[in-house]
Amino acid sequence: MSYNKELLNSLVLEMRRGAIILAVMSRLDRSEYGYSLVQILENNGLTVEPGTLYPLLRRLEKQGLLESSWDTSESRPRKYYRVSTQGKELYKRLLEEWKILSASIDGLTESGKES
Amino acid sequence: MEKVERYIYAVTRKLPEKQRKDIEQELRSLIEDMLADRAGEVNPSEADIDAVLTELGDPALLADSYRMAKKYLIGPQNYDTYLFVLKIVIAAVAFGITLAITIGFVVDPPQSIGELIGGYLGSLFGALFQAIAWVTIIFAIFEHYEVSLGKEFKEGDKWDTGKLPALPAMETVIKPAEAIAGLLFTIMAVILFNYAEHLIGIYNFNDEGITTVIPLFNHVVFRSLLPLVNIMLAIGALKELLKLALGKWTIGLAAANLFFNAISFSLFLIFIRSSGLWNDKFFAYWTDIGIIPPDIEPLTLWGGIINGLIAVVAFALLLDALVNLVKAFRHRVNH
């Protein structure tokens, strides 16, 4: 059976959008800069293009979920991000939602196999 | 490293001024990190730079994702309404111009068919471009201020079942045809007053057809009052558009209708009472052909007619405003 590759890509993109936010926020209880975060996610099996991550970090900052500061003490100035107080609360709720969703999908797809 | 700077420039040049500097710096340190990752802390080669920039992808796409929301001239929310209004306006303008040119052709036959067709096409396209431009500008302004047409309440508002729109009672329904007819009429009036005002008058026939027109208005004075007339007509068009968008008489619409009618009446009053508006020759004609006795001053007689007209217009506008207010209120009481 063949399927529409482009359609699959756009659906995967949609699915990943929320997951990446969750992944980013899970690691930003301590300050990280963009590229270090790319590598952390990579090491955990989640490949996120810098071109996707960097704009996302700015968006989350504008929404008040992240805070940022420039560190110019090293040879290369870097912008560090960390989760704000508001972001912490939101992350907890978001994670709960994810777990509920994940369990539901597991249940649904498992029972689908049996019948 | 020039290529890197060119890449950063390509991404940031169309981004908002406020964020540009910050994004530039962050992007630069990202690219340096990525290069260091590939080449170690030695000077990266041209190939390394190419590889890294290729990985980051098309700068236009990257710039797009830095922009918070997609920008539209006319967004998907209002696009259907825009097309709908545009079609009506185009049809009305084409019809109006054709009508005006036809009358002009009868009154003052052109020298050649070429002149006729050239004049017609020139006026038609000129007017169509104007109309399309204005509709587009108005919708672009709506987009800029995030006005959403035809929505009952704002997105952020809490919804409950009470907010479901009431089924319109029969008498409060505004038929689209009614509003469209009003709109067509208004657009035709715009064309008439802007391009063919001198054709309103007495037509003198002789054996070979029409030869002369004695205009009702004094051309110079009328032109100076034209902005007033156009504001009046614009208010009329806005009223019809609101009727079309809402589709029924709500209290808000009825109140707006009353308000608009009041403005229209004030403008109408200023317009019709302006000194020198009427063409002296127009009245002299009636005396000349003996319809008005020579001992009566035509302008005095005309003044009486105008007063009557003002009374009729005032009555009609007030009636229109009140009837629709009553409809709207009665409808609300029922629910």
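Trainee: How many residue pairs are in polar contact across the interface of chain B and chain A?

Mentor: A polar contact is a pair of N or O atoms within 3.5 Å; within protein, one must be able to donate a hydrogen and the other to accept it, and residues adjacent in sequence count only if both atoms are side-chain atoms. Across this interface the rule finds 12 residue pairs, both residues being at pLDDT 80 or more. The model is predicted, so local features need pLDDT of at least 70 and side-chain atom pairs count only at pLDDT 80 or more, while totals for chains, interfaces and linings use all residues. Residues are numbered from 1 along each chain as its sequence is written, chains are lettered from A and ligands numbered from 1 in the order in which they are written, and side-chain values use heavy atoms, with hydrogens and water left out.

Trainee: What area is buried between chain B and chain A, and how many residues does each chain bring to the contact?

Mentor: Buried area is the accessible area (1.4 Å probe) that two parts lose on being put together, summed over both. Here it is about 1800 Å², and carbon and sulfur atoms give 53% of that. Contact means heavy atoms within 4.5 Å; chain A contributes 17 residues and chain B contributes 20.

Trainee: How many salt bridges are counted between chain B and chain A?

Mentor: Side chains of opposite charge can pair when their charged atoms come close. The criterion is a side-chain nitrogen of Lys or Arg within 4 Å of a carboxyl oxygen of Asp or Glu. The structure holds 21 salt bridges over all chains, and the count between chain B and chain A is 6. B:Asp22 forms one with A:Lys79, with the closest N and O atoms 2.5 Å apart. That pair crosses from helix α2 of chain B to strand β3 of chain A. In another salt bridge, B:Asp33 and A:Arg76 have their closest N and O atoms 2.8 Å apart.

Trainee: Which elements of chain B supply at least two residues each to the side that touches chain A?

Mentor: Helices (H or I, at least four residues) and strands (E, at least two) are DSSP runs, numbered from the N terminus. On chain B these elements are α2, α3 (46–56) and α4 (59–66). Helix α2(B) gives the most, with 12 residues. By class, this side of chain B has 8 nonpolar, 4 polar and 8 charged residues, where Ala, Val, Leu, Ile, Met, Phe, Trp, Tyr, Cys and Pro are nonpolar, Asp, Glu, Lys and Arg charged, and the others, Gly among them, polar.

Trainee: Which residues lie closest to the centre of the largest pocket?

Mentor: On a 1 Å grid over the protein atoms alone, a pocket is an open set of points with protein on both sides within 12 Å along at least five of seven lines, and lining residues have an atom within 4 Å of a point. The largest pocket has a volume of about 1300 Å³. Of its 38 lining residues, B:Ile138, B:Ala234, B:Ala237, B:Leu238 and B:Leu241 are the closest to the centre. Helix α8(B) gives the largest share of the lining, 11 residues. The lining divides into 29 nonpolar, 8 polar and 1 charged.

Methods: On a 1 Å grid over the protein atoms alone, a cavity is a set of points where a 1.4 Å probe fits but cannot get out, and a pocket is an open set with protein on both sides within 12 Å along at least five of seven lines; lining residues have an atom within 4 Å of a point. Grid points are joined across faces, edges and corners, and a volume is the space filled by probe spheres set on the points.
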